[in-house]
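My notes follow in the order I looked things up.

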Amino acid sequence: MPAGLAISPFEQFHAWMAEAEKSEPSDPNAMLVATSTPDGHPSLRAVLLKGVDDRGFVFYTNKESRKSDELGANPYVALLFYWKSLRRQIRIEGTVEHVTDAEADAYYATRPRNSQLGAWASPQSRPLQDRAVLERRLAEAEERFAGEIPRPGYWSGYRVLPERFEFWQDMPYRLHDRTVYARSATRMWEQTKLFP
């Protein structure tokens with residue numbers, strides 16, 4: 001498969017994602033998001049990709065979470081998509097920006113009701129004394145919102161603005177195929193092959 005990758009890294013991403021959607025047993029849109037504190041302490045977690053276009057990759061979260069705190073202090077981020085069944089991964093590096101309120105509202109409206117309630121019930125990343133506390137907060141949110149559930153002001157999304165992609169394809173004898181797309185000085189994408 002290695003030869004003949006698309007000129008645009010976004011086009012190549014869409015091609016590989018389409019194949020992953022056919023082969024991965026669950027959540028082909030799962031991606032690892034790496035952040036770090038201003039003094040360089042890294043952290044990593046899996047989230048779900050909820051949108052992608054030529055601007056970047058969108059995920060949603062509680063803006064009071066650890067990841068949001070770290071992104072607020074240090075906007076540099078790395079993503080990793082790993083599809084074991086295809087023996088492929090894509091690494092993406094860039095910075096983040098907030099999605100607009102309109103984008104966050106539109107996505108929030110598509111979430112299942114229980115997920116919407118969960119956004120109100122869970123002060124994400126804060127200590128939880130007992131699971132019963134979370135369940136009580138969920139019941140309170142359910143009682144509070146009998147009809148439409150508005151998006152909490154502290155819940156929104158981030159768009160990762162890529163500066164670098166690496167497409168990695170497993171090959172026999174560990175002679176893997178690696179292709180990097182990086183922004184040039186003119187903001188065009190330049191392709192480079194790397195030794196495995």
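**Entry 1: overall layout.** I counted five helices and nine strands in the protein. The model is predicted, so I keep that in mind throughout. Reading along the sequence, I wrote down the pattern α-β-β-β-β-α-β-β-α-α-α-β-β-β. I then fitted a box along the principal axes, and the C-alpha atoms fill roughly 55 × 35 × 30 Å. Of the 196 residues, 41% count as buried. I also looked at contacts between residues at least 6 apart in sequence, and 62% of them join residues at least 24 apart.

**Entry 2: helix 3.** Which residues of helix 3 are buried? I found Ala104, Tyr107 and Tyr108 buried in this helix, which spans residues 101-110. They lie on the same side of helix 3, because they cover an arc of only 100° around the axis. On the face turned away from the buried side I noted the exposed residues Ala102, Ala109 and Thr110. Next I asked what covers the buried residues of helix 3. The cover includes strand 4 (57-62), helix 4 and strand 7 (155-169).

**Entry 3: Tyr60.** I followed strand 4 to Tyr60, which has its place there. Is Tyr60 buried or exposed? Tyr60 counts as buried, because its relative accessibility is 15% and the cut-off for buried is under 20%. I listed what Tyr60 touches, leaving out residues up to four places away in sequence. The list is Lys50, Val99, Glu103, Ala104, Tyr107, Trp155, Ser156 and Gly157. Ala104 and Tyr107 are among the buried residues of helix 3.

**Entry 4: Arg151.** I moved to the loop between helix 5 and strand 7, where Arg151 is found. Arg151 is a charged residue, yet it is buried, with a relative accessible area of 17%. What does its side chain reach? I found a polar contact with the side chain of Asp105 at 2.6 Å. The side chain of Arg151 also reaches the backbone oxygen of Trp155 at 2.7 Å. Not counting residues up to four places away in sequence, Arg151 touches Asp101, Ala104, Asp105, Tyr108, Trp120 and Ser156. Of these, Ala104 and Tyr108 are among the buried residues of helix 3.

**Entry 5: helix 4 and helix 5.** I looked up burial in helix 4 and found Gln116, Leu117, Ala119, Trp120 and Ala121 buried. Their cover includes helix 3, helix 5 and strand 7. How do helix 4 (residues 113-121) and helix 5 (residues 131-144) pack? Their axes are 8 Å apart, at an angle of about 115°. The crossing is right-handed. From helix 4, the contact takes in Leu117, Gly118, Trp120 and Ala121. From helix 5, Leu134, Arg137, Leu138, Ala141, Glu142 and Arg144 take part. I sorted the residues of this contact by type: six are nonpolar, one is polar and three are charged. Trp120 turned up again here, having already been noted as a residue that Arg151 touches.

Methods: Residues numbered from 1 in each chain as written. Predicted model: local features only at pLDDT ≥ 70, side-chain atom pairs only at ≥ 80, totals over all residues. Heavy atoms only, no water. Axes fitted to C-alpha atoms, helices over the stretch in contact; angles between N-to-C directions. Helix = DSSP H or I, 4+ residues; strand = E, 2+ residues; numbered from the N terminus. Left-handed = near helix turned anticlockwise from the far one by under 90°. Contact = heavy atoms within 4.5 Å. Buried < 20%, exposed > 50% of the residue type's maximum accessible area, 1.4 Å probe, protein only. Arc of directions from axis to C-beta. Polar contact = N/O pair within 3.5 Å; in protein donor to acceptor, adjacent residues only side chain to side chain.
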